[in-house]
Amino acid sequence: MDKNFQEEQFTGIIKFTPPLYKQRYQFIKDLVEKYKPKKVADLGCADCTLLWMLKFCSCIEVLAGLDICASVMKEKMHRLSPLPVDYLQPPERSLTVTLHHGSVAHKDPCMLGFDLVTCIELIEHLEESELKKFPEVVFGFMAPSLVVISTPNSEFNPLLPGVTLFRHPDHKFEWNRVQFQSWALEIARHYGYSVEFTGVGHPPRGMENVGFCTQIGVFVRKYTQTSESAQSETPTEGVYKTVFRAVYPSLKDEKYLQNAVVSEVIFTAQIIKRRLLDRLMSEHEEYNDDTTERKSKFQPLMNCFSEDLGKLVVEKSMEPFVKGSVVYIPLTTIFSFPKVIQLCGTFEKLCKLIAGKVTLSSDGSAMMFNTEHE
């Protein structure tokens with residue numbers, strides 16, 4: 001929550017590269033790469049920077065942010081909206097991003113079902129009454145598989161220029177390592193989690209005894225919470241206010257899948273058509289000399305194949321051919337391209353998705369292109 005305050009002050013003895021807030025966020029990204037959570041909630045999301053970084057992680061399908069200050073979220077939440085490229089090239093995974101205004105001291109059913117919950121530089125901003133309720137909300141009610149909590153290490157403070165009591169005027173406390181670990185171990189014991197301690201922001205050489213500038217606890221749930229116990233804890237009404245919601249386009253949505261398939265099919269067919277016409281033109285140039293005899297011999301080639309030969313090719317159902325001024329591209333040929341197979345899965349699915357979207361032969365076996373002006 002105070003990511004820019006302290007780093008801008010580190011111009012004396014200490015200067016972190018990259019900045020400390022980036023190291024904290026990178027720690028979360030590395031954890032996401034390791035555990036591959038599908039649903040992630042960031043409590044105390046502030047300006048949504050971590051959420052913005054996590055939306056690019058391909059394993060995540062649901063992102064949620066919660067903060068007590070709605071104005072800070074609203075100022076930057078536009079970064080979480082889909083971009084034009086997301087509609088032009090929808091990914092296979094689905095992604096929904098939601099921001100909520102509320103307190104981590106309150107329970108809301110919208111925060112259930114998450115795999116990973118992050119609390120980056122959050123707990124030191126909580127009043128004593130809120131801090132007492134925090135463990136029950138996060139570990140008892142939400143009960144995710146993973147929880148990451150980071151907080152300042154007060155033992156590091158003497159190394160920071162300009163820091164007398166706390167690093168930020170809104171901090172209600174700052175713990176040393178023993179205090180944080182004692183608090184975290186008691187929570188882990190009570191709610192059935194294990195916890196490992198680490199941090200970011202290495203101390204200068206020779207001062208390793210003060211520990212990391214930011215201390216981190218990584219909690220892993222030991223057992224799966226039963227649906228019955230979760231249900232009994234669920235409040236009947238929500239207390240958070242949703243301030244933002246974005247549903248990204250995805251190939252799991254039939255509408256976007258159809259658009260992607262039609263575009264890919266047309267693109268593939270155009271390539272096949274172009275190669276076929278270029279080959280025919282090349283053959284034409286080989287035979288096209290100044291003699292009338294050779295010109296007359298080539299004339300039937302402008303139609304490329306006779307009607308009988310055209311029927312033979314259709315029966316083979318793979319080779320494109322020209323009949324009159326129309327190029328026929330068999331759907332089986334188009335379906336043989338890896339990208340089309342990847343999108344459709346089956347030939348039947350291909351036929352279903354392009355029906356009515358492209359011009360097909362009377363029997364529906366091939367795409368048709370008029371080459372009269374080519």
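Start by selecting strand S10, residues 326–330, in this predicted model. Five of its five residues are buried, so the strand is largely enclosed by the rest of the structure. Now show the side chains: Val 326, Tyr 328 and Pro 330 point one way from S10, while Val 327 and Ile 329 point the other way. Buried residues are found on both of these sides.

Then follow the chain around the turn: S9 and S10 form a hairpin with two residues between them. Click on Gly 324 in that turn, where phi is positive, at about 65 degrees.

How many aromatic pairs does the structure hold? There are 14. For one of them, zoom in on Tyr 21 and Tyr 25: their ring centres are 6.0 Å apart and their planes meet at 80 degrees, which is over 60, so the pair is edge-to-face. Both tyrosines lie in helix H2, residues 20–35, four residues apart, or about one turn of the helix. Tyr 21 and Tyr 25 are both buried.

For the last stop, select Phe 134, Phe 173, Trp 175, Phe 180, Trp 183 and Phe 197 together: they form one aromatic cluster.

Note on methods
Residues are numbered from 1 along each chain as its sequence is written. This is a predicted model: local features need pLDDT of at least 70, side-chain atom pairs count only at pLDDT 80 or more; totals for chains, interfaces and linings use all residues. Side-chain values use heavy atoms; hydrogens and water are left out. Buried means under 20% relative accessible area, exposed over 50%, partly exposed in between (1.4 Å probe, protein chains only). Two strands pair if DSSP finds at least two bridges between them. Rings of Phe, Tyr and Trp (its six-membered ring) pair if their centres lie within 6.5 Å; planes under 30 degrees apart count as stacked, over 60 as edge-to-face and the rest as tilted.
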